[in-house]
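Good morning, and thank you for making time for this presentation. Please look at the sequence and the structure as they come up, and then I shall go through them in order.

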Amino acid sequence: MNKILVTGGAGFIGSNFIHYLFNGGTFTGRIVNVDKLTYAGNPQNLTEIDMRFGEKEEKRYFFHRLDVCDYREIEELLA
């Protein structure tokens with residue numbers, strides 16, 4: 001796998017999953033994190049990941065504040 005879409009990635013489980021993938025040592029792909037940032041989503045859970053993998057020249061982490069129920073936005077993201 002070289003690209004993974006994580007929905008709800010700013011929540012407890014999603015952010016820990018993203019940390020696990022990037023810090024596990026074997027994943028070398030990209031992660032697209034889609035989160036609506038409601039009461040459970042906290043982008044600060046991923047500050048370290050964003051600094052290490054989202055701000056480099058060859059980005060590996062991408063965050064999009066979207067509702068997964070918004071078909072048009074998700075379709076555009078996946079295109």
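Predicted model: local features only at pLDDT ≥ 70, side-chain atom pairs only at ≥ 80, totals over all residues.

What radius of gyration does the chain have, and what would a compact globule with 79 residues have? The chain has 12 Å, and a compact globule with 79 residues would have a value near 12 Å, so the two agree. The radius is taken over C-alpha atoms, and the globule rule is 2.2 Å times the number of residues to the power 0.38.

Residues are numbered from 1 along each chain as its sequence is written, and side-chain values use heavy atoms, with hydrogens and water left out.

Let me begin with the overall architecture. There are 3 helices and 3 strands in the chain, and from the N terminus on their order is β-α-β-α-β-α. Helices (H or I, at least four residues) and strands (E, at least two) are DSSP runs, numbered from the N terminus. The C-alpha trace spans about 35 × 30 × 20 Å along its principal axes. Contact here means heavy atoms within 4.5 Å. Of the contacts between residues at least 6 apart in sequence, 72% join residues at least 24 apart.

Next, the surface. The chain exposes about 5700 Å², of which carbon and sulfur atoms supply 52%; these areas come from the Shrake-Rupley method with a 1.4 Å probe, and for residues only the protein chains shown count as cover. Of the 79 residues, 34% count as buried, where buried means under 20% relative accessible area, exposed over 50%, and partly exposed in between (1.4 Å probe, protein chains only).

I turn now to individual residues. Histidine 19 lies in helix α1, residues 12–23. Is histidine 19 buried or exposed? Histidine 19 counts as buried because its relative accessibility is 19%. Its side chain reaches the backbone oxygen of asparagine 45 at 2.9 Å. A polar contact is a pair of N or O atoms within 3.5 Å; within protein, one must be able to donate a hydrogen and the other to accept it, and residues adjacent in sequence count only if both atoms are side-chain atoms. Leaving aside residues up to four places away in sequence, histidine 19 touches Gly24, Asn45, Leu46, Glu48 and Ile49. Glutamate 48 is 29 residues from histidine 19 in sequence, and their C-alpha atoms are 9.0 Å apart.

Serine 15 is also placed in helix α1. With a relative accessibility of 4%, serine 15 counts as buried. A polar atom of its side chain lies 2.6 Å from the backbone oxygen of glycine 11. Beyond residues up to four places away in sequence, serine 15 touches Gly9, Ala10, Asn45 and Leu46.

Leucine 37 sits in the loop between β2 (30–35) and α2 (47–54). Its phi is near 60°, a positive value in a residue other than glycine. Among its contacts, not counting residues up to four places away in sequence, are Ala10, Pro43 and Phe63.

Finally, phenylalanine 53 belongs to helix α2 and, at 9% relative accessibility, counts as buried. Not counting residues up to four places away in sequence, phenylalanine 53 touches Phe22, Lys59, Arg60 and Tyr61. The C-alpha atoms of phenylalanine 53 and tyrosine 71 are separated by 27 Å, although these residues are 18 apart along the chain.
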